[in-house]
Amino acid sequence: MATRVFRMREPAEREAGIEAAVAALAAGGLVGLPTETVYGLAADATSGRAVARIYDAKGRPSFNPLISHVESLEAAERHGVFGPAARRLAEAFWPGPLTLVVPRRPGSPIADLATAGLDTVGLRVPGNQVARALLARFGRPVAAPSANRSGRISPTSAEDVVAELGERVDVVLDDGPTPVGVESAIVACLGDDLQLLRPGGVARADLERVAGMPLLSGSAGADPERPLAPGLLASHYAPHARVRLDATGVEPGEALLAFGPAPPPGEPVAMRNLSPSGDLAEAAANLFRHLRELDAAGAAGIAVVPIPAEGLGEAIRDRLARAAAPRPAT
Ligand code: TXA
Ligand code: MG
């Protein structure tokens, strides 16, 4: 069946979009879901068959657990066990770009396939109003990884979702470009220590301030056979072009991804500036779109200038390092 796209910023289409999305989820279908970070590929998290369609549409390895999206902390507590630190983080940053990995609550109806059989669960209350309206109406947790084919750049617009997944997705809710632009930060709250499994839309310093303790860095991905947060596979977010990091100049045939007021000299095939003023939040919001656009320019390589490591820079550097990592032949 053809994909139906609803423009959620048109008041006349909004209600029809929510209804169509709820109906698609209830029927075990897939929905392109706007969130404040990136677009998600959503399915009913309580249905193993629906979740299986996500893995199939993404071409994703089946050991990769998915984030379950819920409408509130109260709803999250039906699926996970929140200790004091997890609760503080949830209260401070939800709704928002933070995922908490907590012990799975016995009896949670989330399908084993969504947690990849782990006894932990990744939960998030997204901030986007369309997503929240959908979650409230659907009333069940919604599993949603980023709506890209596995290993590819995450979608930050409804057009990206359609370009990535085509008719594999039943309904797409178009709520314009995503404001944060990188995925949620993932914090595991499983024992006495907190672990930052993936830097993301909330900066480490802000998480540490609320948690009242330093976050260990994720060892996830160290063992690719049994990753703790397998989104941290070495090659991820990959454009077609080769990505060269910390570039101080442009080589022949390269496109340039710049940051700040003084891009390096040279004659790039194409250029984007993540933030001419050097604002890391603006850079995060532009990151995936700029990578897609430079990739589409057909350059053999993309040179990326050094990005500062503070604030959202940690997440940006993480995604760029993955985009640059050696990748398996496809
Ligand atoms: O911003 C986001 O988080 C987006 C939007 C759509 O919400 N979603 C997203 O999902 O980035 P995905 O599937 O691309 O990344 C989810 C990450 C993966 O690295 C996965 O392995 C990890 O979360 N994850 C989920 N549940 C986990 C668990 N129980 N233990 C460890 N890692 C988990
Ligand atoms: Mg992803």
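## Helices α8 and α9

In this predicted model, helix α8 (residues 280-296) and helix α9 (residues 313-324) have axes that come within 9 Å and cross at roughly 20 degrees. That angle makes α8 roughly parallel to α9, and their crossing is left-handed.

On the α8 side, the contact is made by L280, A283, A284, L287, F288 and L291; on the α9 side, by G313, I316, R319 and L320. By class, these residues divide into eight nonpolar, one polar and one charged.

## Helix α1 and its surroundings

Helix α1 covers residues 11-26. At 1.5 Å a residue, its 16 residues should span 22 Å, and the end C-alpha atoms are 24 Å apart, which agrees. After α1 comes G28, with a positive phi near 85 degrees.

The buried residues in α1 are E13, G17, I18, A20, A21, V22, A24 and L25. Their cover includes the strands β1 (4-7), β2 (31-33), β3 (40-44), β7 (142-143) and β8 (171-174), as well as helix α5 (129-138).

## Packing of α1 against α5

The axes of α1 and α5 lie 10 Å apart, and the two helices pack at an angle of about 50 degrees. They are therefore oblique to each other. The crossing of α1 with α5 is right-handed.

From α1, the contact takes in R14, E15, I18, E19, A21, V22, L25 and A26. Their partners in α5 are Q129, V130, A133, L134, R137 and F138. This contact has nine nonpolar, one polar and four charged residues. I18, A21, V22 and L25 of α1 meet α5 and are buried.

Key
Residues are numbered from 1 along each chain as its sequence is written. Chains are lettered from A and ligands numbered from 1 in the order in which they are written. This is a predicted model: local features need pLDDT of at least 70, side-chain atom pairs count only at pLDDT 80 or more; totals for chains, interfaces and linings use all residues. Side-chain values use heavy atoms; hydrogens and water are left out. Axes are lines fitted to C-alpha atoms, for helices over the stretch in contact, and angles run from 0 to 180 degrees between N-to-C directions. Helices (H or I, at least four residues) and strands (E, at least two) are DSSP runs, numbered from the N terminus. Angles under 35 degrees count as roughly parallel, over 145 as roughly antiparallel, 65 to 115 as roughly perpendicular and the rest as oblique. A crossing is left-handed if the near helix is turned anticlockwise from the far one by less than a right angle, and right-handed if clockwise. Contact means heavy atoms within 4.5 Å. Ala, Val, Leu, Ile, Met, Phe, Trp, Tyr, Cys and Pro count as nonpolar, Asp, Glu, Lys and Arg as charged, and the others, Gly among them, as polar. The expected span of a helix is 1.5 Å times one less than its number of residues. Buried means under 20% relative accessible area, exposed over 50%, partly exposed in between (1.4 Å probe, protein chains only).
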